[in-house]
Amino acid sequence: MKRKTRPKARPRMRARAIARANIALSKYWGKVDTTYNLPAVPSLSLTLDGLVTDTTVEFVEGLAEDRLELDGRAASPKETKRVTTMLDRVRASAGVPFKALVTSVNKFPTASGLASSASGFAALAAASTAALGLDYPEAKLSNLARWSSASAGRSIFGGFAELPAGKPGQKTLSAKPVADADHWDVRIVVAVTAQGPKDVGSTEGMERSRSTSPFYDAWVERAPGIHATVKRGVKKRDLDAVGPAMEQSTFAFHSCGLTAIPPIVYFQPATLAALATVRRLRDAGIPVYATMDAGPHVKALCLAADAPKVKRALEKTEGVLRTIVAKPGPGVEVRA
Ligand code: DP6
């Protein structure tokens, strides 16, 4: 009897990964190189549990172009282009020409105003390389994610991670782990102060700061010292060392935005009210400190035991829409 030869089943070039958002305790703001997306200052962040992006990538032979579905809708050409840029790098490494279907869902608390490029590009880096069988170690994955969005390089790692400043001409730069998620039982209490997308994205905001703010050079000069204080404080689990440096980092980078032309003002009335609440709690003896990113929300850093009190006070603050409490979380994970 003649045996039929079956065509060899082609392995599916598909993988899924989840990554979490991170909050910088010492901030990245400004680039030394836009081609390689190299930060001008070092930063240190905390990866947050619960603020998850879940991304599936499938490379499909014969597909005419990359297709991105974001939170259940077709992504804009601008969003898709940023994804294609990363996928082109992954395709070049694997020697695979096929375009991809990408589905990405931000499993953030509803309308938190927090969906971030950090978790998105960290998940995309892990899923796309895994789909093509590229077994990237964390540092290489971090470099790939960082190239698309520098803060994403930090979300590859769980707990506390740092991203050094880049140097002009350097081509690769990865974040590094500083301490695991269980190193320090702190919480981030997010006070959501506005709905909807932010006015000026971070990429544009930092470029405008660099090219027009008279404070930018001072920021770049001082940021490494602030970062070193934050890092030392994190290692020693010393909130009263980390907190003031984190606040200075936040207000220093916002000062660059405020003094840019035209100015970038992320503060809303509820932002100022939430910042005042954090100060008031501190005056009452609770060690809690505030940070902000390129948006109006306030993120309070405190010890786990104080989080319920901080949450209640922020919830009662005029203009605060809701609060979210997040603990340190793990790094990127490739899922079956
Ligand atoms: C204020 O990483 O979003 O959140 O590299 O241009 O994508 P690009 O910028 P991005 O900037 C984050 C800025 C920040 C501070 C921080 O996370 O360190």
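Predicted model: local features only at pLDDT ≥ 70, side-chain atom pairs only at ≥ 80, totals over all residues.
**Entry 1: conventions**

I take helices as DSSP runs of H or I with at least four residues and strands as runs of E with at least two, both numbered from the N terminus. Residues are numbered from 1 along each chain as its sequence is written, and side-chain values use heavy atoms, with hydrogens and water left out.

**Entry 2: the ligand shell**

I count Ala, Val, Leu, Ile, Met, Phe, Trp, Tyr, Cys and Pro as nonpolar, Asp, Glu, Lys and Arg as charged, and the others, Gly among them, as polar.

**Entry 3: side chains at the ligand oxygens**

Thr 203 comes to 2.6 Å, Arg 154 to 2.8 Å and Arg 82 to 3.0 Å. The protein buries 95% of the 460 Å² that the ligand exposes when taken alone. That area comes from the Shrake-Rupley method with a 1.4 Å probe.

Arg 154 also has a partner within the protein. Its side chain makes a polar contact of 3.1 Å with the side chain of Ser 45. A polar contact is a pair of N or O atoms within 3.5 Å; within protein, one must be able to donate a hydrogen and the other to accept it, and residues adjacent in sequence count only if both atoms are side-chain atoms.

Ser 45 sits in strand S4, residues 43–60. I note Ser 45 as buried, at 0% relative accessibility. The classes are buried under 20% relative accessible area, exposed over 50% and partly exposed in between, with a 1.4 Å probe and protein chains only.

**Entry 4: the second largest pocket**

I next went to the second largest pocket, which has about 150 Å³ of space. A pocket, on a 1 Å grid over the protein atoms alone, is an open set of points with protein on both sides within 12 Å along at least five of seven lines; lining residues have an atom within 4 Å of a point. Its volume is the space filled by probe spheres set on the points, which are joined across faces, edges and corners.

The lining consists of Phe 215, Ala 218, Trp 219, Arg 222, Ile 226, Gln 248, Ala 252, Ser 255 and Cys 256. These divide into six nonpolar, two polar and one charged. Helix H6 (216–235) and helix H7 (239–258) each supply at least two of the lining residues.

**Entry 5: backbone exceptions**

Most residues other than glycine have a negative phi, and most peptide bonds are trans.

- Asn 37 is not a glycine, yet its phi is positive, about 50°. It lies in the loop between strand S2 (31–33) and strand S3 (38–39) and is buried at 5% relative accessible area.
- Arg 237 has a positive phi near 55°. I place Arg 237 in the loop between H6 and H7, and it counts as partly exposed at 47%.
- The bond from Ile 261 to Pro 262 is cis, with omega near -15°. Pro 262 is in the loop between H7 and helix H8 (269–283).

**Entry 6: pairs along the chain and in space**

- Lys 81, in helix H1 (residues 77–94), is exposed at 59% relative accessibility. Lys 81 and Asp 66 are 15 residues apart in sequence and 8.8 Å apart in space.
- Glu 315 belongs to helix H9, residues 307–315, and is partly exposed at 39%.
- Val 52 is in strand S4 and counts as buried at 12%. Val 52 and Ile 286 are 234 residues apart in sequence, with 29 Å between them in space.

How values were computed. 1 Å grid on protein atoms, 1.4 Å probe; cavity = no way out; pocket = protein on both sides within 12 Å on 5 of 7 lines; lining within 4 Å.
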